[in-house]
Amino acid sequence: MPQTQLDLVVVANRLPIDVSCEGGQLSYGRSPGGLVTALEPVLSQRGGAWVGWPGAPDLAFDPVEIDGLLSIPVSLSQLEICNYYEGFSNATLWPLYHDVITPPKYHREWHEAYRAVNTKFATAAAEAAAPGATVWVHDYQLQLVPAMIKQLRPDVRVGFFNHIPFPPEALFAQLPWRREILMGLLGADLIGFQRAQDAGNFRSCVRRLAGLTTRGRSVRVPGAGGTWRDVLCTAFPISIDSAAVAARARQPSVQARAREIRAELGNPDCILFGVDRLDYTKGIAHRLKAYEELLREGRLKVPGVAMVQVASPSRDNVSAYQTLRDDVETTVGRIAGDFGSLSSPAIHYLHQTQDADEMAALYLAADVMLVTALRDGMNLVAKEYVASRVDGAGALVLSEFTGAADELRQALLVNPHDIDGLKATILRGVAMPPKEQRRRMQALRRRVMDHDVAAWASGFLAALGGW
Ligand code: G6P
């Protein structure tokens, strides 16, 4: 296995593969995802690999090559999954970085596991990288990895991209291990964020909490022997494989399925649609509250309108997610019970992951897309909806608190905390004349089709140097 020959090593919490075990025999398949689609061409051209967790406890195997992509596993025990993944990553950092929508929990044993698991990832990446290679580390689960790699392998170039928001100093300051996280990230040569606001928050945290100076968008980091490194910290808004999403929506089978979905829902005048991971950051409860009030006030009426909410299962061992599920399902039950009939349910709720063709058909069938996140690094659903609307129709209601709102200015932008404003915006979407839909969608499509995930990846790697 030519593990020491790799010029580009991607490090992310999850490997882009599905591993299953039958009769003690492991089998592997590719799991689809935007990040892997974007990085695959450059990984295969330049001899690269992906370091990550296979997604289940105690899965250890030799690096595997699937469809030309080499995956190097980092095995995690059940205890490490509890403390590093469910604990520090998803019950400390995730809520802290998303505006403390739910209170973050600070536990020293979770932090110790985070540090130990970050060391495992850094060691695996440092072993795999060729002399002078590039290592690209992703997301909040691995913020200590850049400095650890730099320590082990000062010859490699290290990039870091944060897929979620970076919080303002007033919130980040709560973290007992704030300085360690900042210095962990500053081991990188380039740090990318979704929005300019996130990069600005990071630079102020560095000034105020780590006592370093910034010059423009760079941070001056002290190195060995009185030397300095300038680390550029700036925005690289991520995107989707826009052409592939649009091509899927053009398939006759997908278009036929979209018509079938409309018919199955009773051919209502207007279909409202939401699709999210079942996460408290997504504002699902706010969206349901607005819909329920509009029905109660008679400003929307079943069967003229129907709502579909897909909530894909997520992090269901973390207690805040269990509470959220109970709350959402109580509200869904009340809406269904109060406003539906046997022939026309007021809401269709699926706690299931849908495949890509079904998603494309749902996007095409949806007249009004509801993206009401309370905080979201980017929100790729908004971009997928736009890329899927090859017919130029549809209205997008988009929360101001998403990264996507910086780019998708022609959406119906909304503050999801303002329930009256949200209700008015939903009604605007429902009543939007076809001509206005086309005008807005054309501008939205121009942006999404021109700025795809391949451009994002090559922009980041070019800024990191040598690519
Ligand atoms: C967000 C994070 C990713 C994460 C994904 C799914 O998009 O930025 O790093 O992989 O959620 O969450 P999960 O916990 O299932 O990996």
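Student: Which elements each supply at least two residues of the lining of the second largest cavity?
Tutor: Rolling a probe the size of a water molecule over the atoms shows where empty space is left. In this predicted model, β13 (270-277) and α12 (356-365) each supply at least two lining residues of the second largest cavity. A cavity is a set of points, on a 1 Å grid over the protein atoms alone, where a 1.4 Å probe fits but cannot get out; lining residues have an atom within 4 Å of a point. Helices (H or I, at least four residues) and strands (E, at least two) are DSSP runs, numbered from the N terminus.

Student: Which residues line the second largest cavity?
Tutor: Ile261, Leu265, Ile271, Phe273, Val308, Leu362, Ala365 and Ala366. By class, that is eight nonpolar, no polar and no charged. The volume is about 30 Å³, meaning the space filled by probe spheres set on the points.

Student: Which element gives the largest share of the lining of the largest cavity?
Tutor: α16, with five residues. α16 spans 434-450, and β17 (395-399) also supplies at least two. The lining includes Leu396, Gln410, Glu436, Arg440 and Leu444.

Student: How does the lining of the largest cavity divide by class?
Tutor: Into seven nonpolar, three polar and two charged residues. Asp, Glu, Lys and Arg count as charged; Ala, Val, Leu, Ile, Met, Phe, Trp, Tyr, Cys and Pro as nonpolar; the others, Gly among them, as polar.

Student: What about numbering and confidence?
Tutor: Residues are numbered from 1 along each chain as its sequence is written. Local features need pLDDT of at least 70 and side-chain atom pairs count only at pLDDT 80 or more, while totals for chains, interfaces and linings use all residues; side-chain values use heavy atoms, leaving out hydrogens and water.

Technical notes. On a 1 Å grid over the protein atoms alone, a cavity is a set of points where a 1.4 Å probe fits but cannot get out, and a pocket is an open set with protein on both sides within 12 Å along at least five of seven lines; lining residues have an atom within 4 Å of a point.
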